[in-house]
Amino acid sequence: MSDKRINKKINRFLEHITPRQMTLCAALLLMLSLAPLLLLGRYNVMCVDDYDYGRQVYDTWTDTGSYRESIQTAWRQNMDIYQTWQGTYISCFLMALCPMNFHYETAWVVPILMIGMFAASTFVLGRHILTKWLGGGKTESSFVMFLLLFGFYQVLEAPFEGIYWYNGSTHYILMQSIWFFMLTAIAEALWAKRRQKAVVCSVLAAVLAVIVGGGNLVTGLQAEILMVLLVLYAVFTNRARIWAAALPLVTGSIGFLCNIAAPGNWARSELDPSTGYSALLSVLLSFYYAVVFIIRWTPAFVLLLWLALLPVLWKMMKASRKTFAHPVLVTAGVYCVIAAMFTPTLFALGMVGLARVDNIIQMVYYLGLFLVTAYWLGYFSHRKAGETAADALGCFLERTVKKMTVVCLFLVLAVWVLTADKNTYTTNSAVRSLTNGDAQTFYAEAMQRHEIYEDEDIVDVELKPYSVRPALFDFEDLSTDTGNWLNLGVTQYYHKAYVKLTE
């Protein structure tokens with residue numbers, strides 16, 4: 001068979017693939033990639049400082065069996081932490097209510113909650129921006145977001161801290177999810193044709209803003225910056241709806257100020273006042289580290305996904321009726337938002353690379369990457385035709401259409417499946433741990449530990465190290481030192497004399 005006939009058959013096949021079919025395939029790919037991560041969650045356990053934050057609630061639940069009393073205990077502990085340690089009044093409250101305090105075997109709900117909230121909020125926000133702000137089609141926008149989420153969860157910076165660890169993911173992933181939903185609500189309020197819908201969305205955003213304000217400072221600072229920008233946007237484009245963005249800005253700012261002004265923040269900083277950088281240096285370093293991590297988070301896998309989506313984004317933006325008048329300003333704004341997310345840890349700790357923080361910054365970068373790309377393609381596609389590199393790019397993307405997307409996606413799948421190190425991508429790593437028995441063995445040993453912990457006749461606890469552990473469960477285990485903070489957390493949680501690992 002000649003090459004021309006083969007090309008004709010391929011082209012004919014591709015022509016019959018509809019955007020809806022491609023979107024359904026992308027959704028199926030995402031679900032298949034997430035299934036092993038959720039199945040691995042069946043073998044998840046309580047760990048790290050879940051014990052420290054949950055101790056008082058666990059005691060209350062053990063003594064009373066009352067959810068109401070346990071929630072009251074969580075709030076009292078939260079207020080004590082607010083005075084003595086940190087001001088994140090929503091995160092600390094939720095962290096005290098760890099599901100495993102009530103039923104130890106319920107750790108499997110953590111990945112369902114964290115993946116469900118983060119994936120849903122990212123999808124809703126990204127699709128909203130692509131359709132309402134950039135004028136893209138709903139089906140094509142869904143296709144883009146499904147692939148973006150697929151790529152993100154494969155190269156997630158710290159899977160354990162973003163999916164399986166309750167405290168770490170609650171403080172960052174859950175709070176960022178609420179912020180994404182809140183941002184979508186504000187934008188809906190600004191765009192809604194009916195005033196009633198605008199009021200509902202604005203009030204909902206105002207309530208969520210208080211929650212975001214009481215979460216981690218990285219998400220809180222990001223929220224403050226973007227809410228101010230949305231108010232300014234309303235001032236210049238839709239003054240009749242300034243209130244829709246101003247209301248959540250007011251409630252969110254009050255919540256954020258209560259967070260940063262907490263007595264516990266100052267008490268904590270006095271323990272080591274020289275830890276962080278100055279405010280100005282933190283800001284300057286943030287712009288530098290944004291570049292460093294952008295390079296780090298753009299491997300070949302992500303580049304192939306980006307190339308696969310270029311023709312789709314070009315077609316969407318060319319059909320859009322938006323003007324795309326400020327590509328440089330939009331690009332600079334997105335970069336500044338990403339950079340600002342590095343500032344709080346530089347200021348407070350004098351460092352970057354805190355894995356649970358990097359998870360949410362990584363997603364904001366990927367969202368920004370694809371949305372800025374779409375904006376630039378919209379800008380070039382709406383310019384008058386001329387002999388420019390942009391015209392050449394446009395002609396190339398229009399000629400390739402689905403072919404480039406399909407070829408690049410096949411390359412993505414090849415890299416994903418055939419990579420030698422099966423721990424490179426999260427789904428492959430989860431499948432490996434499930435099939436070779438590591439997950440099952442680890443969980444059995446964890447439950448043996450738990451039986452010892454709950455045995456009131458055993459007060460001097462000496463445990464064997466785990467013989468195996470799933471690669472995605474890369475948390476720090478207990479130590480042979482009874483004074484180690486992790487050991488002390490378990491010791492106090494179960495009221496033992498000491499807990500340690502044997503040599």
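**Notebook: salt bridges and pockets**

I count six salt bridges in the structure. The model is predicted.

**Entry 1, salt bridges.** I started with glutamate 188. Its side chain meets that of lysine 132 in a salt bridge, 3.4 Å from N to O. Glutamate 188 sits in helix H9 (residues 166-191) and lysine 132 in helix H6 (residues 109-133), so the pair ties together parts 56 residues apart in sequence. Buried or exposed: which is glutamate 188? I looked up 17% relative accessibility for glutamate 188, so it counts as buried, the cut-off being under 20%. Lysine 132 is partly exposed, with a relative accessible area of 30%. I then noted a network of salt bridges that links Lys132, Glu188 and Lys197.

Next I took glutamate 157. It forms a salt bridge with arginine 296, and the closest N and O atoms are 2.2 Å apart. This pair links distant parts of the chain. Glutamate 157 is in the loop between helix H7 (138-154) and helix H8 (159-164). Arginine 296 is in helix H14 (residues 279-296), 139 residues apart from its partner. I find glutamate 157 partly exposed at 23%. Arginine 296 is partly exposed too, at 49%.

I also checked glutamate 161 and arginine 356. Their side chains meet in a salt bridge of 4.0 Å, N to O. Glutamate 161 lies in helix H8 and arginine 356 in helix H18 (residues 355-381), 195 residues apart. Arginine 356 has 25% relative accessibility and counts as partly exposed.

The lining has 40 residues. Nearest the centre are Leu217, Asn265, Arg268, Ala348 and Leu349. Which helix gives the most to this lining? H17 does, with six residues. Among the other helices that each supply at least two residues are helix H3 (50-64), helix H12 (242-260) and helix H13 (263-271). By class I list 21 nonpolar, 14 polar and five charged residues.

I note 37 lining residues, with Trp133, Leu226, Leu229, Val330 and Val334 closest to the centre. H6, H9, H11, helix H16 (327-340) and H18 each supply at least two residues of the lining. How many of the lining residues are charged? I find one charged residue, beside 29 nonpolar and seven polar.

**Cross-check.** H9 holds glutamate 188.

Technical notes
Residues numbered from 1 in each chain as written. Predicted model: local features only at pLDDT ≥ 70, side-chain atom pairs only at ≥ 80, totals over all residues. Heavy atoms only, no water. Helix = DSSP H or I, 4+ residues; strand = E, 2+ residues; numbered from the N terminus. Buried < 20%, exposed > 50% of the residue type's maximum accessible area, 1.4 Å probe, protein only. 1 Å grid on protein atoms, 1.4 Å probe; cavity = no way out; pocket = protein on both sides within 12 Å on 5 of 7 lines; lining within 4 Å. Nonpolar A, V, L, I, M, F, W, Y, C, P; charged D, E, K, R; others polar.
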